[in-house]
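Subject: Structure handover

Hi,

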Amino acid sequence: MGYKGLVMDIDGTLYNSVKRITEPTRNAIFRAREAGKIIAIASGRPVHGIADVCGRLDFAGSGGYIMGWNGGIIINVRTGEIISETALPEGIVPEIAALAAEYDVPVVGHTPDVLYSERPDDEIIQLEARLNHMPVEKINSLADYTEQRLYKCIITGSGEKLAELEKIAADRFKGRLSVYRSEPYFLEILPLGIDKAYGIKVLAAHLGLTKDDFIACGDGFNDLSMIKYAGLGVAMSNAQEIVRQNADYVTGSCDEDGLVPVIEKILMQ
């Protein structure tokens, strides 16, 4: 079938292993957009963390959509229109903080401009701040934080520990929150139903299209929902094993310009 749009993850998909968009990948994206294809970024990052990508791909001038916080916010970058925005429900943050305290793991809360944590010096939280070009500020108690709405929380730790905690948190917050890992060391806690599949659903409806009109490409655990949902789900060869197993197609790695054949041989046909 003729696909109308491409939804891409950033790290390990659009970015290569040194966090760059190569010229072949960038040029292929520009050609697809010039041919009238819809280009969208879907990431666990907040808007600040996607800004550099938007600039490199000229979303403001030539068009493009972003799905930040794994679909928690969806924006038409050229017009600035916020298509959808979903924050954590009131009263739930103290329960998230209590879970983190119970298992002695750091947790960080996301607002649009600042990250907040009781343990801001945690190595992985510092990584999150650097990746997203956002400050991380120390607070005495995330449970008592009420100054701004939080859009998601991330619990950090070893892959082994978070694999166990993911099951515990999913059970504890069943029917109230979405819980899944984006990386082995990031356990994401978001509003119920918020994931990248939801992002595609909302964007497609906004544009008068369906999920079958989109190709979704990714590599991480949090890409699994959109890869299973979209008309064509593509895993990078560097993707997590479960992502590759559930993909319709496996392309080259992010260091092999794996997006290029997807764009040129599938999206553009």
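Ground rules first. This is a predicted model, in which local features need pLDDT of at least 70 and side-chain atom pairs count only at pLDDT 80 or more, while totals for chains, interfaces and linings use all residues. Residues are numbered from 1 along each chain as its sequence is written, and side-chain values use heavy atoms, with hydrogens and water left out.

Helices (H or I, at least four residues) and strands (E, at least two) are DSSP runs, numbered from the N terminus.

Eight strands form an open, mixed sheet in the order 5-4-3-2-1-12-13-14. Two strands pair if DSSP finds at least two bridges between them. Strand 5 (81–85) and strand 14 (249–250) are the edges, each pairing on one side only.

Strand 2 pairs in the parallel sense with strand 1 over four bridges. There, L6 has I39 as its bridge partner. Strand 2 also runs parallel to strand 3 (residues 65–68), joined by three bridges. A42 stands opposite M67 in that pairing. At the other end of the sheet, strand 13 (residues 232–235) and strand 14 are parallel, with two bridges. V234 sits opposite Y249 there.

How much of strand 2 is buried? Five of its five residues are. Buried means under 20% relative accessible area, exposed over 50%, and partly exposed in between (1.4 Å probe, protein chains only). In a regular strand the side chains alternate between the two faces of the sheet. Strand 2 is covered on both: I38, A40 and A42 on one side, I39 and I41 on the other.

Helix 11 lies across strand 1, strand 12 (214–218), strand 13 and strand 14, at about 165 degrees to strand 12. Axes are lines fitted to C-alpha atoms, for helices over the stretch in contact, and angles run from 0 to 180 degrees between N-to-C directions. Contact means heavy atoms within 4.5 Å.

Strand 9 (residues 152–156) and strand 11 (residues 186–191) run antiparallel, joined by four bridges. I154 has E188 as its bridge partner in strand 11.

**Cores**

A nonpolar core is a set of buried Ala, Val, Leu, Ile, Met, Phe, Trp, Tyr and Cys residues joined through side-chain atoms within 4.5 Å. The largest has 37 residues, and L14, I41, V53, L57 and I215 have the most contacts inside it. Helix 11 gives the most to this core, six residues. A second, separate core of 25 residues includes I92, Y145, L150 and C153.

T25, A28, I29, F30, A32 and R33 are buried in helix 2. Their cover includes strand 1 (5–8), strand 2 (38–42) and helix 11 (259–267). Just after helix 2, G36 has a positive phi of about 95 degrees.

At its start, a side-chain oxygen of D195 comes within 3.2 Å of the backbone nitrogen of A197. G208 follows helix 8, with a positive phi near 75 degrees.

**M134**

M134 is in the loop between helix 6 (123–132) and strand 8. Is M134 buried or exposed? M134 is buried, at 6% relative accessible area. M134 and D113 are 21 residues apart in sequence, yet 6.6 Å apart in space, C-alpha to C-alpha. Leaving aside neighbours within four places in sequence, the contacts of M134 include P46, H48, D113 and A129.

Best wishes

Terms used:
A polar contact is a pair of N or O atoms within 3.5 Å; within protein, one must be able to donate a hydrogen and the other to accept it, and residues adjacent in sequence count only if both atoms are side-chain atoms.
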